[in-house]
Every structure is written in C-alpha cells, then in structure tokens.
Amino acid sequence: MLPPWAVKLSIPGRVFAAFVALLITFGAVSVYTVWQVRALGTQVRRLHASLIPTPAIIGEVVAELAGLDRVLEQEDGPALRRGVHLARRAHPYLARLEGGLDRARARLTAPHAAPEAAPFVVRLDALAADRRALRRATDDFFDAVEAEGDAAALADARRAARRPLRRLGRAVSLIRVGLAQALAGAILAL
C-alpha cells in the first residue's frame, strides 16, 4: 500500500522520489561511517599513545632488574667488583630501570592516554617505596663491595638488596601481564 502522496505521483516522479530516498539513506550511512571511523581513529591514537608502547618499556625494566639481580648473585670477588663497577658507571641498572618506570608512567599519563591506562598509573605510583628501598639497599651493597668489607656484612647487604629487588620484580611483572591483558581487551573492543 502506497502512501497517499505517492499515489498522485507519476512514474518519473516515483522514480525520482525513490532516488531521493536512496540518496538520503546513502548520505546518512556515509555520515555515520565517517563518525565511526573518526571515533575508531581516536581510540587507536589513545592506545598508541599509552598502552601499545608501554609493555616494551616495562620489558626493558624487567631486563634491568634481571641484570641487577645477576650482579647481586655474583659470588666471585673480582667478578663481583667488576659487576658493581659496571652497575654503577658503565651500565647504571638503577638509573635505567627508574628511567624506564618514569617513561612508562609518562606514557600512561599522556594527555590522550587510553582510559584503560589509569589503573596502571596507580600501580606504578605504588612502587615508589620499593624503588627507594632498592636504591638504598643496592647502594649499601655496592659500597660494601667497593670497601671490600667482611663476608658477613657483604652477605647481609646482599640479602637486604635482594628483598626490594624481588618485590619490585614481582610487581613489575604483574604490571606487564596486566598491561598485555588490558591492551588485548582494548584491541578486541575496537
């Protein structure tokens, strides 16, 4: 059943009306598609600004923690002194891992960061005490190695440095896994 106004139209008028209806529908679909593509582009830019590069940065932090752990594990005196020299001067593990954590936080707090990044900022901020404890304990251990103190003091300093290192390592690994899950979820939600 045709609407009353359509009955009065001639065949060319009906074709023209159908063409106008088709044109309006096509225009509406085009506008909607452009809007969706822009929204998708915004989401992708947010992910690229925050979540996509952050797991790689956290991976670098994990590598620095592993390197520092290898220095702390060293038992041989001359090798340990070389490792401490390396860790303090040539390849400063502490400065590099702190820089990595700061870069990761900066990515996650970027002006156009994805909303999924917010919980990880809180988790990174919660590491501040462990970062300070690791810095102090590692500096004490390095000082003890360079002073060539007695074995008992060195063992105590090593144990004291390994506690915050392991806590920080576990926390950073959990953040890394969480970031990978959040990124996968955000990509699937696109």
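## Arg 158 and its surroundings

The Arg 158 side chain comes within 2.7 Å of the backbone oxygen of Gln 74. This is a predicted model: local features need pLDDT of at least 70, side-chain atom pairs count only at pLDDT 80 or more, and totals for chains, interfaces and linings use all residues. Residues are numbered from 1 along each chain as its sequence is written, and side-chain values use heavy atoms, with hydrogens and water left out.

Arg 158 sits in helix α8, residues 151-189 (helices are DSSP runs of H or I, at least four residues, numbered from the N terminus). Arg 158 is buried, at 10% relative accessible area (buried means under 20%, with a 1.4 Å probe and protein chains only). Beyond neighbours within four places in sequence, Arg 158 contacts Leu 72, Gln 74, Glu 75, Leu 80 and Phe 141 (contact means heavy atoms within 4.5 Å).

## The nonpolar core

The largest nonpolar core holds 42 residues (buried Ala, Val, Leu, Ile, Met, Phe, Trp, Tyr and Cys joined through side-chain atoms within 4.5 Å). Leu 51, Leu 97 and Phe 141 have the most contacts inside it. Helices α3 (54-73), α4 (77-90), α5 (93-108), α6 (118-125), α7 (128-146) and α8 each supply at least two core residues. Helix α8 gives the most, 12 residues.

Phe 141 also touches Arg 158. Its other partners include Leu 72, Leu 80 and Leu 154, leaving out residues up to four places away in sequence.

## A nonpolar surface patch

Phe 16, Phe 19, Val 20, Leu 23 and Ile 24 make a nonpolar surface patch of about 510 Å². Patch residues have over 30% relative accessible area and no salt bridge, and nonpolar side chains are joined within 5 Å. Areas come from the Shrake-Rupley method with a 1.4 Å probe. A salt bridge is a side-chain nitrogen of Lys or Arg within 4 Å of a carboxyl oxygen of Asp or Glu. Leu 23 belongs to helix α2, residues 11-49.

Technical notes:
Patch = residues over 30% accessible without salt bridge, like charges linked within 9 Å, V, L, I, M, F, W, Y side chains within 5 Å. Buried < 20%, exposed > 50% of the residue type's maximum accessible area, 1.4 Å probe, protein only. Polar contact = N/O pair within 3.5 Å; in protein donor to acceptor, adjacent residues only side chain to side chain.
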